[in-house]
Amino acid sequence: MSVTIARRKATRQAGVYVAAAALAVFVLGPIFWLVTTSLKPRSEVFASPPRFLPTDLTFANYADVLTPDTMQFFVNSVIVCLGTTVLCLAFSLLACFTLTRTGTRGRKPILVGVLVSQLLPQAVLLVPLYRAADTLGLLNSRFGLMVAFMTFTLPVAIWLLRGFLMAIPMELEEAARLDGLSEFGAYWRVIVPLAKPGVAAVGIYVFFMAWQDFMYSLVFLTDASKRTLPLGVLALIGSHTIEWGQLMAVSALLLVPILLVFTFAQRYFIAGLTAGAVKG
Amino acid sequence: MPPTVRTTDVSMSVAERVAPGQAPGEAIAQEKRRHRRQTALRVLCIIPPVALLGALVAYPLANAIYLSFTTSSFINPDPDFAGLVNYKAILTSDTFLTVLKNSLIWTVAVVAAQFVIGLASAILLSQKFKGRLVLRSMVILPWIMPGVIAGVLWKLLYDPYLGPVNALAGGLGLVDGNPAWLGQASTALAAVVIAAIWKGFPLSTIMYMAAYQGVPNELREAARSDGANAWQVFRHVTLPAMAPTIRTTVLLTTVWTFNYFDLVYVMTAGGPGTSTEIFPTYIYREAFQNVRYGVAGAYGVISVVLLSIFTVVYLRQLNKSGGLD
Amino acid sequence: MTRFKRPALVGAAVLAFVSVTTGCGDDSDSGSDGGGSKVITIWDQEQSAKDIAEGYDTVVKQFEKDHPGVTVKVETFPFAQYRDKMLVAMKGGTGPDVMTLDQVWTPEFAAAGLIQPLDDQIGGSDVVKEDDFFEGAWASNQYQDKTWGVPLNFDVWEQMYYNADLFKAAGLDPDKPPTTWSEWNDAAKKLNNPPNSFGMGLIGCKDESVSVMTDSLIFSNGGEILDDNGDVAFDSPENVAAYEQYQALLDYAPNGTAGACEQDIVNQFTAGKAAMILDGSWQQDTMKTAAKFDWRIALPPAPDGEEFVGALGGWNLAVNAKSDNSDLAFELIETLSQPENQAAVNSLIPALQSAGEKFVNDNRQQPEVILEALASGRPRPASPVYPQLSQVQQAAVQDIIGGADVKSTLSDAADQMQEVIDTNS
């Protein structure tokens, strides 16, 4: 009996490793090409047949992109994305207070409305949004950019956060109320802290959504000193020339710190999503 | 799991709240005041976010709708009201049907594949094996790469003579010659779909991983002790427990994919011909190359209407199965 | 009340954090600030060559010294996003005082009323004189009998780059590249050795570059897109023959022409995959680093009995119609139009003839070939709806690559172009 079970377990483990290998290849294959290209001189980037490993390994591309400007872009990206996350979480926590109260009328229309507001295509959104930002004095400032980012981060944040908050058992809220806390007090002091992992998860999602953007940064910022990293990367794509090696190098550099942060934050992120997923 | 009705109106009966020595009428009045304050606070909290979104989105949306009824373009700064001219022209054009078809194929294929791969990888990454933690961290990489860089990278990969896809596929005997995946109308859409799946699936993986791990083990144990095999446990215990997360993720992924611009534009700009022309690329072209605000606005409105219909229908389905509450 | 204290504190902390990390306020793009000093902004594309940024610094320093109390801000943007940025900013009511505009955008911006005519200022200028510039460059600023900009740089699409090593291997004399279309097809056939190498790398992707490149075929054959009256002449017999030549060359091109942009054919060439390509003289720098074989250039082949005519391109300097400092803006343009400065800020050929000729002679191989092509080149149509016309052209080329009949494709395209012009006049 135990031999069959052991064999079944071994086959199962083997299957798991095969699947894991397949996933690793799928995810990392293109990344491998990115990294090797960043280590190639221009003459090797496009070779026939393609070279999987650089024969003329060079770090020149990395040296070329590690400039003070790149550092500035990186810092700007971090500032803008952090600020966006804080702003977005603040607004969505406020919104979720009302949206988690079952007694609130108009809850469903608001939720649907929030989602619909996310639907407008960027190309159509940009010019009027720009004009609105100009009127409000939000142009060419990183703060203005954070506000503009609300258009595509806030709706999703509200939806996701609400899911996590609704998962907190109501008995805990009832207990808090019976202890004499007001409705908002119960929300703020009991429910939200319990949903901290979920809040962190939504925060990370918002951060990454903001991290990717280049269109808004391009349109709303003018000063080169305020630009975010994706714009710095796009500068390597010229009208007639593309600096392939440098492009790949800076992209690789872009990925590393985020990967580190995510690895560290993974503990909270996964746990956070777990908490929210117990109950829809 | 049957949805439990959640209520936050923790209200005691008035009788229970009457303080000693207090007249009942006074207690009722006090109750009414408390209720009003409660409502006022709820309204106060929802106003800033809604106002912000309204200011940011309502004006552009209204502007787009207004422009869609005009002949506004870059070189025509004083737009003439033209009624439904733009809509008529769009809805009767062949291009619109192509864009619609491509957008549907694009969205459905990417969302479905991201769901399957996301779910499979989530389950995989929840098993115990050596290197699991490393793989779990690595899996986020495609998602955090900015779309334009991913597009440039995949264009490199797909190069018919100088890229690794054909080198590998040819070497393994899977493919004959050097097909230009992005340069042929017959394969371009599939090629960008694959790139998009790679780019976006990690989000689904993470969401489903959390949901999967959130299913209480007791439930699984109970089912297994009832004689269920692994597949039955998955089908009847795990999957239903993950349902709320799945529903939300699929909804968000659909909306997000439908409007996703960066990747396709960098890889093919909507070509060859119109084989990868989807709503976002077509709208971008009208708004920024041809600079015809009226036409772009009309396309934008149609796009919003399509997505809204989907959203409302989807949510109504959710409501029926009690998912939104 | 205690229950409001914590949320309020948190709210205050959020605001404090946000304002501290972003610094105070915003800057305006142009105009003067209260202190009495004026600010002029100029926008351009990013150039990856580092010395261009230094070139601009020199110009700015010189200008600020000559105009005390004036600050010049130079802002550059990535090429692919430059048009988007300009459109949003200017349509949104802001924008720089001075900007570089692609030649084919100049009539468009003029018709939109976003740039100002400069005839008066040019008339009164000692520095900016029509005769000093290349003729084609100056002409690209003319629209409805007014001058809307001053040329900054100028170039011609197409030189023919060819791989002498592959020529020798195919039994062709690398010192005698093809000069006529029939010789061209012969050479391409001989050089065609799939899948190791191909005769010709052709641009075909949905991009302005395919319009410009095929324009040289059209122009060399005596065709045009719009005739002198501004009517569509896209389906003329000369154009049909030109696109049939393009279709003939497709037989000797690698897979994927419909998705091949300028970058792709350059990569094919440097990897030794394509024996011949058409590209501008600007690509010589890349060839020097990336092409590890004997590469040469020549004037592209012309139809039998005709001369080669290239399609011209380049960038102009224009002044924002809403600028508060138009006079200063024009003076900045004057400064940029001086020979040393033109050379310093350009990685393409300066539009000032003296500076341009010097640039070509100093930096390019076979300068006489380039200068000849510059002199005989033709511009693309100066139409406010040129981007839309080009779109139609690009779609037509895509169909032709797919094997469609050239005559009917061009005929349909001509109808669409006429419709574009009619609806916009």
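Helices, of at least four residues, and strands, of at least two, are taken here as DSSP runs and are numbered from the N terminus. Counted in this way, chain C of this predicted model contains 18 helices and 12 strands. Along the principal axes, the C-alpha atoms of chain C fill a box of roughly 85 × 65 × 50 Å. Chain C has 425 residues, of which 60% count as buried.

The surface of chain C carries a patch of negative charge. The patch gathers D231(C), D235(C), D399(C), D412(C), D415(C), E419(C) and D422(C). Helix 18 of chain C, which spans residues 406–423, supplies the largest share of the patch, with 4 residues. D412(C) is found in helix 18.

Side chains of opposite charge can pair when their charged atoms come close. Over all chains, the structure holds 22 salt bridges. In one of them, the side chains of R101(A) and E183(A) meet at 3.8 Å, N to O. This pair links distant parts of the chain, 82 residues apart: R101(A) is in the loop between helix 4 and helix 5 of chain A, and E183(A) is in helix 9. R101(A) is buried, with a relative accessible area of 1%, and E183(A) counts as buried at 5% relative accessibility.

Two further salt bridges are set within single helices. In chain B, the side chains of R224(B) and E221(B) meet at 3.8 Å, N to O. These two residues are separated by about one helical turn, because they are 3 residues apart in helix 10 (residues 217–225) of chain B. R224(B) counts as partly exposed at 42% relative accessibility, and E221(B) counts as partly exposed at 44%. In chain C, K358(C) and D362(C) form a salt bridge of 3.0 Å, N to O. Helix 15 of chain C (residues 353–363) holds both residues, 4 residues apart and so separated by about one helical turn. Both K358(C) and D362(C) are exposed. Elsewhere, salt bridges that share partners join R101(A), E173(A), E183(A) and R42(B) into one network.

Aromatic side chains provide another set of contacts. A pair of aromatic rings is described by the distance of the centres and the angle of the planes. A search of the whole structure finds 50 aromatic pairs over all chains. Among them is the pair of F97(A) and F184(A), which is edge-to-face, with 4.9 Å from centre to centre and 70° between the planes. F97(A) lies in helix 4 (residues 68–99) of chain A and F184(A) in helix 9 (residues 183–194) of chain A, so the pair ties together parts that are 87 residues apart in sequence. F97(A) is buried, with a relative accessible area of 0%, and F184(A) is buried, with a relative accessible area of 8%.

F184(A) also pairs with Y187(A): the ring centres are 6.0 Å apart and the planes stand at 50°, so this pair is tilted. F184(A) and Y187(A) are 3 residues apart in helix 9 of chain A and are therefore separated by about one helical turn. Y187(A) is buried, as is F184(A).

The backbone deserves attention at several positions. Most residues other than glycine have a negative phi, and most peptide bonds are trans. The peptide bond from S48(A) to P49(A), however, is cis, with omega near 0°. P49(A) is placed in the loop between helix 2 and helix 3 of chain A. A cis peptide bond also runs from P194(C) to P195(C), with omega near -5°, and P195(C) is in the loop between helix 8 and strand 9 of chain C.

A positive phi is found at A269(B), where the value is about 55° although the residue is not a glycine. A269(B) lies in the loop between helix 12 and helix 13 of chain B and is buried, with a relative accessible area of 12%. E158(C), likewise not a glycine, has a positive phi near 85°. The loop between strand 7 and strand 8 of chain C contains E158(C), which counts as buried at 1% relative accessibility.

Conventions
Residues are numbered from 1 along each chain as its sequence is written. Chains are lettered from A and ligands numbered from 1 in the order in which they are written. This is a predicted model: local features need pLDDT of at least 70, side-chain atom pairs count only at pLDDT 80 or more; totals for chains, interfaces and linings use all residues. Side-chain values use heavy atoms; hydrogens and water are left out. Patches are made of residues with over 30% relative accessible area and no salt bridge: like charges are joined within 9 Å, nonpolar side chains (Val, Leu, Ile, Met, Phe, Trp, Tyr) within 5 Å. Accessible areas come from the Shrake-Rupley method with a 1.4 Å probe; for residues, only the protein chains shown count as cover. A salt bridge is a side-chain nitrogen of Lys or Arg within 4 Å of a carboxyl oxygen of Asp or Glu. Lys and Arg count as positive and Asp and Glu as negative; His and the chain ends are not counted. The place of a charge is taken as NZ of Lys, CZ of Arg, CG of Asp or CD of Glu. Rings of Phe, Tyr and Trp (its six-membered ring) pair if their centres lie within 6.5 Å; planes under 30 degrees apart count as stacked, over 60 as edge-to-face and the rest as tilted. Buried means under 20% relative accessible area, exposed over 50%, partly exposed in between (1.4 Å probe, protein chains only).
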